[in-house]
Amino acid sequence: MVEIVSEVKRIGEYVIIFTRVFDSGQMVTDADVAIVVEDVEERIFLPRSSTTHGFSVYTINEKNVIENLSGVYTLIFKSLFKKFKVTIFARVRDKTTKKVLLFENGRTREEKDPLDVIRTLKVFLGFNVNIDKIIYVDKRLEKLVNKNTRKAILQDLIKPRKKINSIEDVFVGIIDSMRYGSQEWVIEDPSVIKWLENLYKDNLGKETRIGGQAGIIANLIAILGGYPTVYSPVLSKEQAGLLHKNVFSLCPTRKPVTECADAKESKVNWVFEFNRTDELFNIRSNQNGRFIAGSQMEEYRPEWPDINNIDIDAIILAGLHLLKKKYRDGTTAEKIIKETIEWIDGAAKRDIPTHLELTCMEDEWLREKIVEILYHVDSVGMNKDELRQIAELDEEKIDLPDALSIIKYMKKIAKKFGLKRVHVHTLGYYINLYKDSGWASPEKIKKAMLFASDLAAAAAFSGSIEKMEDLEIADSISLSKTGLKEQEKLEKEIGMENGVARVGDYTIIFLPTKVVGHPKTTVGLGDTISGSMFVVECGYRYM
Ligand code: AMP
Ligand code: GLC
């Protein structure tokens with residue numbers, strides 16, 4: 001492994017950069033080294049310099065040559081910049097390694113880019129890892145029901161039960177989600193599962209992929225080069241097979257996920273994806289989204305591993321919406337939530353940042369219980385519908401027409417639960433809110449948000465991110481007009497500057513984001529955004 005060790009010193013108006021290069025611990029005295037110095041605030045580049053002409057992109061200025069003094073690569077230049085960024089490249093055996101340093105107030109700090117953080121932070125995720133069987137809504141679905149069933153569906157739409165006990169309920173769920181936004185209902189009658197399995201086989205099924213917020217985020221981290229640890233109470237070979245080989249699990253010690261797959265039955269969700277032009281029984285959808293019909297399993301409840309025995313830097317929790325009120329052995333959702341809270345408190349004692357990723361929770365009783373967890377975690381992530389569901393526990397029908405109204409409720413939630421961080425993603429912009437101190441700097445947070453926006457754009461475009469090259473498409477996707485308009489409004493309304501504003505005791509960070517016109521799929525996008533952003537911010541927390 002090639003390592004770059006550098007030191008930056010200022011002596012009067014001169015800056016001196018000393019660099020040493022090590023290859024598997026041995027000092028390299030004949031490396032090619034190039035250095036780019038950049039003034040962070042003004043973004044002015046100083047002449048680029050290198051030891052040889054090998055780095056063709058770097059113009060060599062006679063006054064700015066790196067001297068190789070027996071393996072100490074030294075660059076001296078005149079500069080009055082107070083704060084600048086130094087990027088050092090070293091080429092050894094035809095491989096180039098990069099290191100970024102920030103020089104400020106006479107000190108240097110290493111700057112990691114989001115991918116460095118993703119690759120090095122030890123992230124623990126629990127507990128929903130399921131299989132998503134994706135079906136795109138199309139007219140062929142209508143042919144599966146007769147006239148009477150169709151009538152019953154239209155009748156049930158007036159007051160949906162939000163649970164699945166019949167095939168009609170599946171249709172009611174799809175149409176209700178097309179009208180009012182994505183939802184997830186549990187399947188109570190197993191015969192519906194048989195019907196869904198056949199439906200999936202009958203050419204309507206498009207794809208099987210990893211689902212569940214914990215599974216989706218763990219996979220993403222691994223694809224980007226990290227080694228996350230995921231905990232799922234049910235893990236079959238099929239579930240594990242859909243996860244990247246760099247995902248680990250605990251059984252009870254940390255092992256590659258396939259080695260921990262011991263369940264016979266898989267947790268499966270059927271995901272009906274629709275877009276804003278789809279129609280069923282002449283009812284038109286007015287948004288892109290999904291309806292999820294989820295199987296219910298007695299074993300699908302967390303028994304958290306000993307928090308003091310895991311080596312982790314950040315925790316992402318999700319899946320509690322899948323809890324049953326009562327299990328056959330007498331265990332209740334309340335008991336599991338209480339244990340989850342104790343576990344989170346254990347993480348807080350070890351100063352490990354915790355994040356809860358929300359999802360739409362149709363059952364109001366369960367929603368109220370899950371919300372108790374917000375008093376204990378540091379951070380929460382959600383979309384606009386989920387924000388509405390939480391806010392409506394305290395207020396009747398709330399309205400969220402724009403960014404300012406979203407900020408109002410984010411603030412209320414942060415205050416009520418004592419949260420350090422609240423993140424909301426919408427189609428066109430992201431808003432993050434922070435209680436002062438202890439989190440990353442606004443500059444760093446914006447970097448994490450930008451990274452998340454690129455990932456989401458790439459995933460929306462290609463359906464999922466399978467490899468690093470899939471990210472490249474994000475460069476050609478443009479920013480949302482809605483996001484840019486909301487940005488302008490906030491500049492006027494709350495004096496936001498460069499995406500940062502103070503609102504009472506909180507700092508708000510706003511980012512207009514890239515939006516793909518015709519996304520291939522949208523399931524899991526929110527998890528991609530929230531998960532990647534939280535992890536990168538955790539890596540930046542103390543920088
Ligand atoms: P969720 O409903 O929580 O999975 O979140 C979906 C999020 O994905 C939205 O809030 C947007 O931020 C993002 N998103 C949805 N559609 C697109 C798209 N076409 N292009 C880019 N981002 C999208
Ligand atoms: C929920 C669903 C899961 C889906 C995920 C996407 O966790 O249970 O099936 O993959 O949301 O966000």
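A polar contact here is a pair of N or O atoms within 3.5 Å; within protein, one must be able to donate a hydrogen and the other to accept it, and residues adjacent in sequence count only if both atoms are side-chain atoms. The model is a predicted one, with local features needing pLDDT of at least 70 and side-chain atom pairs pLDDT 80 or more, while totals for chains, interfaces and linings use all residues. Residues are numbered from 1 along each chain as written, chains are lettered from A and ligands numbered from 1 in the order written, and side-chain values use heavy atoms, leaving out hydrogens and water.

Ligand 1 comes up first. A nitrogen atom of ligand 1 sits 2.9 Å from a backbone N or O atom of Val-516. On its own, ligand 1 has 500 Å² of accessible area (Shrake-Rupley method, 1.4 Å probe), and the protein covers 89% of that. Around ligand 1 there are 14 residues, counted as near if a heavy atom lies within 4 Å. Helix α13 (525-540) gives the most to this shell, with three residues.

Ligand 2 also has 14 residues around it, with Asp-132 and Glu-184 among the closest. The side chain of Asp-132 puts an N or O atom 2.4 Å from an oxygen atom of ligand 2, and for the Asn-130 side chain that distance is 3.3 Å. Gly-212 uses a backbone N or O atom instead, 2.9 Å from a ligand 2 oxygen. Taken alone, ligand 2 exposes 300 Å², and the protein buries 96% of that.

How values were computed
Helix = DSSP H or I, 4+ residues; strand = E, 2+ residues; numbered from the N terminus.
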